Amino acid sequence: MGKVGLCLAVGCALASCAIAAVMVGRRVKSRRRWWNVVRALDEFEEAASTPVGRLRQVVDAMAVEMHAGLASEGGSKLKMLLTYVDNLPDGSENGTYYALHIGGTNFRLLRIQLGGQRSILGHDVERKPIPQHLMTSTSEELFDFITVSLKEFIETTNGANQIRGKDLGFTFSFPVKQTSLSSGTLIKWTKGFSIDDMVEKDVVECLQKALCRTGLDMNVAALVNDSVGTLALGHFYDKDTVAAVVIGTGTNACYLERADAVIKCQGLLTSSGGMVINMEWGNFWSSHLPRTSYDIDLDAESQNPNDQGFEKMISGMYLGDIVRRVIHKMSLESDVFGPVSSNLSARFVLSTPLMAAMHEDHTPNLTEVAKILEETLNIKDVPLKVRKLVVKICDVVTRRAARLAAAGIVGILKKIGRDGTAGITSGRVKSGKSGKMRRTVVAIEGGLYLSYTIFQEYLNEAVSEILGEEIAPFVTLKIMEDGSGIGSAMLAASNSNQNVDTNTTVQGL
Ligand code: BGC
């Protein structure tokens, strides 16, 4: 080989080495970026973890806070509100009743025909989305929209007939300080609603005036939180139902309490010796909750910082947004999602139903995940391993939410001595086992629980895990679809003059 040939050969070898070095360098870098993302996921998973030991701490904290909220006004972040429901439907109610439900993204109109003997002869439901602008407008605009819709609904379901049942159940799924079964003032808005002129106003009065303006001669016989409606329907079917939970856009629970345990209302007299308490558990807080940096940011940027902390880890309004935040952070720290998409900075762009669709994508190549990433977040051509990572993020967020809700449920059971332990007295958790366990039913309603199978499985599994195999068989979780509205119509029925044969008492206390 001549000199020139040698130089050429050496040059080529050097060039190949340089190319190889660049390629290896790139591969190492891209691997490093991938491992960065995997590490970020591991850290998130660790911070959001809910081993059974931690869940038991949440159970105890819930029971203790319930006690504190019942002991004094403002004694806890749990408001433990009186509902004035001391008689729950028992199946003997008769007649046709209407109900209205305002609460989340949709509002519902209902008509039920009760035939006594635990029978519902017919029921119609209409769901309507609440136009976004009405959630932040004025109370008049919101209520006029609702009563006009009610009028149309009555005309469709009842034809030209005179309305026989004039008593209306009103499910209003926000924190309300009730002054009687059919009156109460709004404490604050949650779930993205914000109509300033309504805060501290009597919500029934607002509705009653709007009914008048619309020319509807109806009487609001019961003002009911959605969790209370759910409990009412649960009790209608099964007298062992002692608590109800809603897991939808927001989350909440209520349960039957002994009147003498409501220390903040000494001498509270009820015909049954008990009362349904609206816990407003969305506002529960405890240092045992596994809070991550994403939760802190979500809270700080929300309409109600430092409020509804439990709700922000559990309910449908927020889960999708937590997932979006995790993907956003990963995308900023690595290029596994390609160039950082501006959609990732938009709050609530990834809704919880879309997140659930990614989580429940059973296609071999996760095509649904790819589609949602592209269409909603504008993240294109994501390799399969990154799609799997997205599914894992959805899983961590959902699992934590479902397991925390499960701990909340067991917390209620503990407070009323239905978890097989000795319960709590004077605000202290007692250790040891109680005597005989009674069959106990918890009614559950809300779109997140009803339509998200994995969430449901995680929650049910965690309730059994916390209770243990000896106690778990005594506790049944029962779905009460539309319970929030139907139950409210039933409470209107049990408290109506129309209904002659109602004389029931709360059982199960
Ligand atoms: C409200 C509760 C309601 C729950 C479920 C929460 O944001 O404060 O009153 O029951 O959502 O709808």
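A polar contact here is a pair of N or O atoms within 3.5 Å; within protein, one must be able to donate a hydrogen and the other to accept it, and residues adjacent in sequence count only if both atoms are side-chain atoms. Keep in mind that this is a predicted model: local features need pLDDT of at least 70, side-chain atom pairs count only at pLDDT 80 or more, and totals for chains, interfaces and linings use all residues. Residues are numbered from 1 along each chain as its sequence is written, and side-chain values use heavy atoms, with hydrogens and water left out.

So who touches the ligand? A polar side-chain atom of K191 comes to 2.9 Å from one of the ligand's oxygen atoms. For D226, an N or O atom of the side chain is 2.5 Å from a ligand oxygen. F174 uses its backbone instead, with a polar atom 3.3 Å from an oxygen of the ligand. On its own the ligand would expose 310 Å², and the protein buries 98% of that (areas by the Shrake-Rupley method with a 1.4 Å probe).

Now for the strands, which are DSSP runs of E, at least two residues long, numbered from the N terminus. Two of them pair if DSSP finds at least two bridges between them. β3 (residues 106-115) and β4 (residues 120-129) run antiparallel, joined over nine bridges. Within that pairing, I112 has H123 of β4 as its bridge partner. Four residues separate the strands of this hairpin, where G116 has a positive phi near 70°.

Elsewhere, six strands make an open sheet of mixed pairing, ordered β1-β11-β10-β9-β14-β15. Its edges are β1 (81-82) and β15 (475-479), each pairing on one side only. β1 pairs with β11 (residues 274-278) in the antiparallel sense over two bridges, and L82 stands opposite I277 of β11.
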